[in-house]
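Below are some comments for a colleague who has the model open and wishes to check individual places in it. They are set out as numbered points, each of which can be read on its own.

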Amino acid sequence: MEKKLIIIAVVIAAIVVVGGLSAALLLGNGSKNGGTVYYVTLPPKDMKAALAGGTVDAYIAWEPYVSDSVVGDVGDVLEWSNQIMPNHPCCVVAVSSSFLNGPNGINLTERFLKAHIEANQWMVDALAHPSGANYTSLVDMAVQFTSRNATVVEAALEHVKYGYEMDQNFRNALKQFTDMYIDSNMTTATKLQDRGYSSTTDFINKYVNGSLLAEAASMTPSSAILNPSNPIRLGYLLGDLHQLAQVVAQNSTLVGGKSMFEEYGLNVKDATGAPFANGGSEMTLGFAGGTVDMGYLGAPPAILNHLNGAVNTVIVAQANSEGSGLVVKANSDIHDLADLVNKTVATPGESSIQFLLLKIALDKEGLDLKIKT
Amino acid sequence: MQSLTKSLSRLLVSNWFRLTLSAASTAVFLTLWWLFSAYLRADWPFQGVTPSPTRAAEIPYWWDVLRALGKSFAVSSGNPGELLMSEHIFASLKRISIAFALAIVTAVPLGLLMGRSKNAEAVGRPFVELFRPIPPLAWVPIFLIVFKLFWGPIAIVFLGIFFPILLNVMLGARSVDPVLIDAALTLGAKRGTIFSKVVLPFTTPYLMTGITVGLGIGWMCIVAAEMLGNVGGGVGYLIFAANTTSQYELMYAAMLMIGILSVLTTGVAGLIERWVYRWMGMR
């Protein structure tokens, strides 16, 4: 009798323990204590109208789509991307592996990077002297490229950091993005290994190629065009101020009647399909489709599509850091991230860096990010 | 249970040849798919035959697609929107159902009116001819702003379903045999009776054709409708999002799901058709 009582007591205790653990697991898998913020996917060019019309309560995008709302009194910036992650890399220059390994590919890539370096140096100098003629030229180029007015462009340029180097901070950030993608199952460690990388560190070390940039520094101008009948097909995103370097490098008024690309012996033209709506499209339609040789795009979509889709590219330079913002409606009652609970935020897509930055920001506040249902 | 088994056996026996043809064509298709994927990857039997595999991920093996399909029902992590396939299906079915219902209540009365009245046709024809050829994709940015995130995608699917139903009902209403109407008049039928007893039954087969075609187009519109800014995901959204992240097995799995859902909804439409005919005493 005693034995039976002990057995019954043990069984009841086991049921209580298992049941309690299960309940904790189930309840614990719900949203974080802070609440849930909802997202939808919209192209940045439609975000201002969506905010103004009340379709969304906020959006996160790259410049000039942030300043477009602020200058237009439609929105206020809740957080700049450098407040979420200081000095975060954003857009990069990528090259198709088949182009790089093709005839004269390395030489052409290095010359392209030399023009990219010079364009960056010219822009940084122009931005440091706002009363100078170069600044006025830069704003004019940006106005044409983005189809926004000078006020919007000038406001936007204040928040973008142009640069081309890929230092350890750059590499660490890209590794962090890759780890986030693996943690959220948007890619897997198996796919990483299938592509020939042993770890995320190994992946970043191989996928980010700094040697071409180092060689590019010593490139000298060329009097002849080296690829007259095979232009480099250039990809870039629609109106993306982060990629202004390619606009500057293509401008034919800055270097005695020719562009910086031509100065270094390059024939460059827009790729079929450019400008692309986002980095994911540039990778899948452009690089994978074989219509883009070199392109400016966000680092995260480059990483994700290389690992998932075996899109054979290599990152060869940075294009910019920071320069994105989380915008809420002007004079709204949203004053901090916690006020976004149960609200809807538009993002450019799950493969975009803006989506990752939003996730990072909300994670820090203990908030969930889920698709709007 | 026994009678069901007997009926199934009889069905299989009487249709064995056609079933064999269908099975064989499916097997050929799957074999060609496998060979194409293997060729791109330089896998067996193409090892050493093809150049180094490039762009292989865009054409996964068909079994990887089926595996991704199965996994998408069980695991949400890694799926765009972190939703299960069932949740994406529910979102799409909700959109198609609402759009379909709206299309029926607008297209059928309009089609009957335009089919029976030359004046009504003259009023409506310019708008039909102007808006019908415009692809639904063109309306996405405008509808999202005007109709917002919930109704915007529904409006796009509605456009896809509306016009086939409208045009088929118009055609049916216009094609009513005048002899039948004369006969009804001769028997003393009033306009309302002629409409309900002659025009409506005559138009029903045309309506059903319009529904079948409209549903097919509606599913084709779902990708455009759900591409951007929709609420709650959807199978079309899954295709678009999986494409931008190069999750190709999942993308093909979602495409396969649209095909299956289209077949199922068309099958339901067929059942409704049979019920309507029975109710009208037509078959």
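1. A residue is taken as buried if 20 or more other C-beta atoms lie within 10 Å of its own, as exposed if 12 or fewer do, and as partly exposed in between. B:Ser246 has 27 other C-beta atoms within 10 Å and is therefore buried. Please bear in mind throughout that this is a predicted model.

2. B:Ser246 is located in the loop of chain B that runs between α9 and α10, the latter spanning residues 248-280. As background, most residues other than glycine have a negative phi, and most peptide bonds are trans.

3. A:Ala310 sits in the loop of chain A between α16 and β9, with β9 covering residues 313-318. Is A:Ala310 buried or exposed? A:Ala310 counts as buried because 20 C-beta neighbours lie inside 10 Å, and 20 or more is what the cut-off requires.

4. In chain A, the bond joining A:Ala274 and A:Pro275 is cis, with omega about -5°, and A:Pro275 belongs to the loop between β7 (268-270) and α15 (279-287). In chain B, the bond from B:Trp44 to B:Pro45 is cis, with omega near 5°, and B:Pro45 belongs to the loop between α2 (16-41) and α3 (62-74).

5. In chain A, helix α9 (residues 168-183) packs against helix α16 (residues 299-309) at an angle of about 50°, and their axes are 10 Å apart. That angle makes α9(A) oblique to α16(A), and the crossing of the two helices is right-handed. From α9(A), the residues A:Leu174, A:Phe177, A:Thr178 and A:Tyr181 meet A:Ala299, A:Pro300, A:Ile303 and A:Leu304 of α16(A). By class, the residues of this contact of α9(A) with α16(A) comprise seven nonpolar, one polar and no charged.

6. Which residues does B:Arg116 contact once its neighbours within four places in sequence are left aside? They are B:Ala173 and B:Val199. B:Arg116 lies in helix α4 of chain B, residues 85-116, and is partly exposed because 17 other C-beta atoms lie within 10 Å. The C-alpha atoms of B:Arg116 and B:Arg174 are separated by 5.8 Å, although the two residues are 58 residues apart along the chain.

7. The contact between the chains takes 31 residues from chain A and 29 residues from chain B. On the side of chain B that touches chain A, α6 (140-174) and α9 (235-244) of chain B each supply at least two residues, and the largest share, five residues, comes from α6(B). Sorted by class, that side of chain B has twelve nonpolar, 13 polar and four charged residues.

8. Finally, some overall values for chain A, whose secondary structure comes to 17 helices and 13 strands. Of its 373 residues, 50% count as buried, and along the principal axes its C-alpha atoms fill a box of roughly 100 × 50 × 30 Å. Among the contacts in chain A with a separation of 6 or more, 79% are accounted for by residues 24 or more positions apart.

Conventions
Residues are numbered from 1 along each chain as its sequence is written. Chains are lettered from A and ligands numbered from 1 in the order in which they are written. This is a predicted model: local features need pLDDT of at least 70, side-chain atom pairs count only at pLDDT 80 or more; totals for chains, interfaces and linings use all residues. Axes are lines fitted to C-alpha atoms, for helices over the stretch in contact, and angles run from 0 to 180 degrees between N-to-C directions. Helices (H or I, at least four residues) and strands (E, at least two) are DSSP runs, numbered from the N terminus. Angles under 35 degrees count as roughly parallel, over 145 as roughly antiparallel, 65 to 115 as roughly perpendicular and the rest as oblique. A crossing is left-handed if the near helix is turned anticlockwise from the far one by less than a right angle, and right-handed if clockwise. Two residues are in contact if their C-beta atoms, placed from the backbone, lie within 7 Å. Ala, Val, Leu, Ile, Met, Phe, Trp, Tyr, Cys and Pro count as nonpolar, Asp, Glu, Lys and Arg as charged, and the others, Gly among them, as polar.
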